Amino acid sequence: MLQVRGQQVPQTKLCNKGTKCTAIGIHSHKLNQEEKILWALETFDKVSNAEFVFDLRCTRFGGHLFNLREKGYVIETISGDAHGEFYYKLIARPNDTQLALL
């Protein structure tokens, strides 16, 4: 069971009939790594690179952040105090009409 700051990471989501889904009726799918990263960014104010690696088990989170940014998510990278420590903060989603200011 994956947990971040004591909160259990969801493992499944209800299907919204994506282009690859052919199942009929109400059902769910496992969350992929990009969806887990997005969950963490939406749930917490800031998420550290260590939380992505150790708590979410996403060692290549940078590629997923890149993809989310390409989809229109505004994600700020914040340098931490320790060497190699970074935090990521979700500023806006693709459909937001107004950007959240820092």
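This is a predicted model: local features need pLDDT of at least 70, side-chain atom pairs count only at pLDDT 80 or more; totals for chains, interfaces and linings use all residues.
View 1. Residues are numbered from 1 along each chain as its sequence is written, and side-chain values use heavy atoms, with hydrogens and water left out. Asn 49 has a relative accessibility of 16% and therefore counts as buried (buried is under 20% relative accessible area, exposed is over 50% and partly exposed is in between, with a 1.4 Å probe and protein chains only). Asn 49 and Tyr 87 are 38 residues apart in sequence, while their C-alpha atoms are 6.2 Å apart in space. Helices and strands are DSSP runs numbered from the N terminus, helices being H or I with at least four residues and strands E with at least two.

**View 2. The aromatic pair of Phe 52 and Tyr 88.** The whole structure holds four aromatic pairs (rings of Phe, Tyr and Trp, the last by its six-membered ring, pair if their centres lie within 6.5 Å; planes under 30 degrees apart count as stacked, over 60 as edge-to-face and the rest as tilted). The ring centres of Phe 52 and Tyr 88 are 5.8 Å apart and the planes stand at 40°, so this pair is tilted. Because Phe 52 lies in helix 2 (residues 49–55) and Tyr 88 in strand 7 (residues 86–92), the pair ties together parts that are 36 residues apart in sequence. Phe 52 is buried at 0% relative accessibility, and Tyr 88 is buried at 10%. Ring pairs also link Phe 52, Phe 61 and Tyr 88 into a cluster.

**View 3. The salt bridge of Glu 34 and Lys 71.** There are three salt bridges by the rule used here (a side-chain nitrogen of Lys or Arg within 4 Å of a carboxyl oxygen of Asp or Glu). In the bridge between Glu 34 and Lys 71, the closest N and O atoms are 2.4 Å apart. Glu 34 lies in helix 1 (residues 33–43) and Lys 71 in the loop between helix 3 (61–70) and strand 6 (74–79), so the pair ties together parts 37 residues apart in sequence. Glu 34 is buried, with a relative accessible area of 13%.

**View 4. The salt bridge of Glu 42 and Arg 93.** The side chains of Glu 42 and Arg 93 meet at 3.4 Å, N to O. Because Glu 42 belongs to helix 1 and Arg 93 to the segment after strand 7, this pair ties together parts 51 residues apart in sequence. Glu 42 is partly exposed at 38% relative accessibility, as is Arg 93 with a relative accessible area of 37%.

**View 5. The nonpolar core around Ile 75.** The largest nonpolar core has 17 residues, and those with the most contacts inside it are Ile 37, Leu 41, Phe 52, Leu 65 and Ile 75 (a core is a set of buried Ala, Val, Leu, Ile, Met, Phe, Trp, Tyr and Cys residues joined through side-chain atoms within 4.5 Å). Helix 1, helix 3 and strand 7 each give two or more residues to this core, and the largest share, five residues, comes from helix 1. Leaving aside neighbours within four places in sequence, the contacts of Ile 75 include Leu 41, Leu 65 and Tyr 88.

Notes
Contact means heavy atoms within 4.5 Å.
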